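Biologist: Hi! I'm new to this one, could you walk me through it?

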Amino acid sequence: MAVSYRLPTAVGLFLREVGLVPAHVLRRAGLAADLLGREAPAVTGGEYHRLWTAIGEEGGERLIGLDLGRLAAQEVLSPPLIAALASPDLATAAQRLAQYKALIGPIRLTTDADADGLALRMCGVGFGLPPALALFEVAYWVYFARRATREPVVPRRIELLARPADAVAVEEALGCRVRTGPDVRVTFAEVDAWRPFLTADAEAWRFYEPVLQERLADLEQGASLTERVHATLVEMLPSGRGAVDEVAQALALSPRSLQRHLRREGTTFQKTLARTRETLALHYLRATELTTTEVA
């Protein structure tokens, strides 16, 4: 059964605010014309990818991802974002949102905090991030940090799969040079990672945490094991991992149980691995500046 993701009801409003026509975006994405007008709009992972691809294409040379990231950071769109905003600092907010990111969309967020700072890496679950979505993700975190701390936070490093058409405007807005690489990543200095949030609210976190845990459990139950293996491989493969025992450990299964469940779903680990490698390779070739040797 395909997992569905709730879209914020403000999506249509945001699209209009950045100069896009929602009906044109939906038509280009091949989605229902009334989707954004529904009481609880939801899409599958594939539809989410098509929606963001269409947003970027409709935007053309404009920095749609940057503008949408700024707007989204100004609004509280969903319970996971409310919980993140209620955190005591950016490092905690990132850890919380990494756990509940799946409630927002088919995107995996990983965090790496050390003495050098806080690095946040985003990747699509089952697909590569379209350029507009990649820019949205890094811009959102910068504007989110500025909103929560009321300080002009500047990231130490920003990495995208490809440079935006107007990279200079992005660098001026976010205060950091845009580099290219195999990941979508934004890194903050240690002082900014632990800078106190003026929006911290421990009571709000205690209220939302059980709600988020329940929603996440419901979402995971709706996903097939094949989908979960595919999503895990998308995260592991860029770092050179992806053996069956590593994937099984990440999913709290034995390799034997993993293989048995996949056979019940009509596939094998090797088939899923091959499909994931092909998906990632095609994405890197189409959406990044990596050479074919680097992709291989």
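Modeller: Helices (H or I, at least four residues) and strands (E, at least two) are DSSP runs numbered from the N terminus, and two strands pair if DSSP finds at least two bridges between them. This is a predicted model, where local features need pLDDT of at least 70, side-chain atom pairs count only at pLDDT 80 or more, and totals for chains, interfaces and linings use all residues. Residues are numbered from 1 along each chain as its sequence is written, and side-chain values use heavy atoms, leaving out hydrogens and water.

Biologist: Thanks! In what order do the five strands of the open sheet run?

Modeller: The order is β3-β4-β7-β5-β6, with mixed pairing.

Biologist: Which strands stand at the edges?

Modeller: β3 (107-114) and β6 (178-180); each has a single partner strand, so one side of each is left without a neighbour in the sheet.

Biologist: And how do β5 and β7 pair?

Modeller: In the antiparallel sense, over three bridges. Ile158 stands opposite Val186 in β7.

Biologist: New topic: is Glu171 buried or exposed?

Modeller: Glu171 sits in helix α8 (residues 167-174). Its relative accessibility is 19%, so Glu171 counts as buried (buried is under 20% relative accessible area, exposed over 50%, partly exposed in between, with a 1.4 Å probe and protein chains only).

Biologist: What does Glu171 touch?

Modeller: Not counting residues up to four places away in sequence, Glu171 touches Arg163, Cys176, Arg177 and Val178; contact means heavy atoms within 4.5 Å.

Biologist: Last one: what lies over the face of Trp205?

Modeller: Arg96, at 3.8 Å from the ring centre. The rule asks for NZ of Lys or CZ of Arg within 6 Å of the ring centre and within 35 degrees of the ring normal.
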